[in-house]
Amino acid sequence: MRIIPISLPTPFYVGPVNVYLIAEDPITLIDTGRKTKETIEALREGLRKVRFRVSDIRRIVLTHAHEDHCGLARSIRDEAKDAEVLVHAWESGHRIGRLEYEDHRTLLVRAGVPTDEIESMRKVYEGVRQYADSLEPDEYNELHDEEELEFATGALKTLHTPGHTPGSCSFVREADRTVIAGDCVLKRITPNPILSPDPVDPSKRFASLSEYLVSLARLRSFAPTLVHGGHGAPVNDFEELFNRYLRAIRERQATVVASLSKSGTTAWQVAQQMFPDADDVHRFLSVSEAVAHLDLAHSEGKIALEFADGVEVYRRPS
Ligand SMILES: [Zn+2]
Ligand SMILES: [Zn+2]
């Protein structure tokens, strides 16, 4: 099975995004890049180099619905005459527009984020939305855990690997233990678990970091030899990376727990202490990071949580 990586530009700190062409019937593109002229041109060029065209694509599979991964899905689908689009049902994100929900706002209020800050986060994300077309229910099919994506000479098994987002999926080729993992596995940075409503009960928040740890362990059970991530170079030392992630998560958890005051600290305050210079989308990401670590520490019984005027306040046990 020929898996051909194509690197597409993004303006983000995380760098260019990797999309993957499976050059075998049915011709499949895993992730798409942002919806910009520059990106579609880079995609055309990448395809041309390996003698393919956008119109050859029969299937578009999305690892998750962040705009740098899903932005061009609808344009490609239209140009490739109704190529099938597949994405996990739990993946809302830019499929239907992020942060425009009351659910999201409620989570930010509970995290202690001030009203004017929530408003400016909303504006930042509205600006980002232009880089992805939303997909209507009749424009995609749901991707399921364990679903086999069949190709002429083999299959990719879908693994639902939530954490970075609730509906993130990875794809394993069991024949040679190659994995395409989207933003679940990145070579140089620990993926950020994004603050999201729980898809099953939107009044709750998704336990992103504990889900992420389960997903990592599940990927590890396949003993991957090569992992293609959503950004950066492929990973051929997954075991080492896995241990590095665990250490990084434990270290950050210790920092977060130590930053809590006796009188109580909100996730917003923790985010500000950890990332005082965060700007733009990073302000939302820093709250996501703080909430994820506080949730995990609380679920492990390391910190106390109580509500004060609808805001969650965390304390270190004395
Ligand atoms: Zn992402
Ligand atoms: Zn990404």
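# Sheets, helix packing and backbone exceptions

Q: How many bridges join strand 9 to strand 10?
A: Three bridges join strand 9 (residues 169-173) to strand 10 (residues 178-182), and the two strands run antiparallel. Strands are DSSP runs of E with at least two residues, helices are runs of H or I with at least four, and both are numbered from the N terminus. Two strands count as paired if DSSP finds at least two bridges between them.

Q: Which residue is the bridge partner of Arg173 in strand 10?
A: Arg173 has Thr178 as its bridge partner in strand 10.

Q: Before we go on, what kind of model is this?
A: This is a predicted model, in which local features need pLDDT of at least 70 and side-chain atom pairs count only at pLDDT 80 or more, while totals for chains, interfaces and linings use all residues. Residues are numbered from 1 along each chain as its sequence is written, chains are lettered from A and ligands numbered from 1 in the order in which they are written, and side-chain values use heavy atoms, with hydrogens and water left out.

Q: What is the order of the open sheet of five strands?
A: The order is 7-8-9-10-11, with mixed pairing. Strand 7 and strand 11 (226-229) each have a single partner strand and stand at the edges, so one side of each lacks a neighbour in the sheet. On average, neighbouring strands of this sheet are turned by 20° against each other, direction ignored.

Q: And strand 7, which residues are on its covered face and which on the uncovered one?
A: In strand 7 (residues 148-151), Leu149 and Phe151 form the covered face, whereas Glu148 and Glu150 form the uncovered one. In a regular strand, side chains alternate between the two faces of the sheet.

Q: Turning to the open sheet of six strands, what is its order?
A: Its strands follow the order 1-2-3-4-5-6, with mixed pairing. Strand 1 (3-8) and strand 6 (141-143) are the edge strands, each pairing on one side only. Neighbouring strands of this sheet are turned by 25° against each other on average, direction ignored.

Q: What does helix 1 touch there?
A: Helix 1 (residues 37-49) packs on the sheet and touches strand 1, strand 2 and strand 3; its direction makes about 150° with that of strand 1. Contact here means heavy atoms within 4.5 Å. Angles run from 0 to 180 degrees between N-to-C directions, and axes are lines fitted to C-alpha atoms, for helices over the stretch in contact.

Q: At what angle do helix 6 and helix 10 pack?
A: Helix 6 (residues 115-128) and helix 10 (residues 281-299) pack at about 115°, and their axes are 8 Å apart. Among the residues that meet are Met121 and Tyr125 in helix 6, and Phe284 and Leu285 in helix 10.

Q: Now the backbone: where is the cis peptide bond that involves Pro26?
A: The cis bond joins Asp25 and Pro26, with omega about -10°. Pro26 lies in the loop between strand 2 (17-22) and strand 3 (28-30).

Q: What is the phi of Lys81?
A: Phi of Lys81 is near 50°, a positive value in a residue other than glycine. Lys81 lies in the loop between helix 3 (73-79) and strand 5 (84-88).

Q: Is Lys81 buried or exposed?
A: Lys81 is exposed, with a relative accessible area of 67%. Buried means under 20%, exposed over 50% and partly exposed in between (1.4 Å probe, protein chains only).
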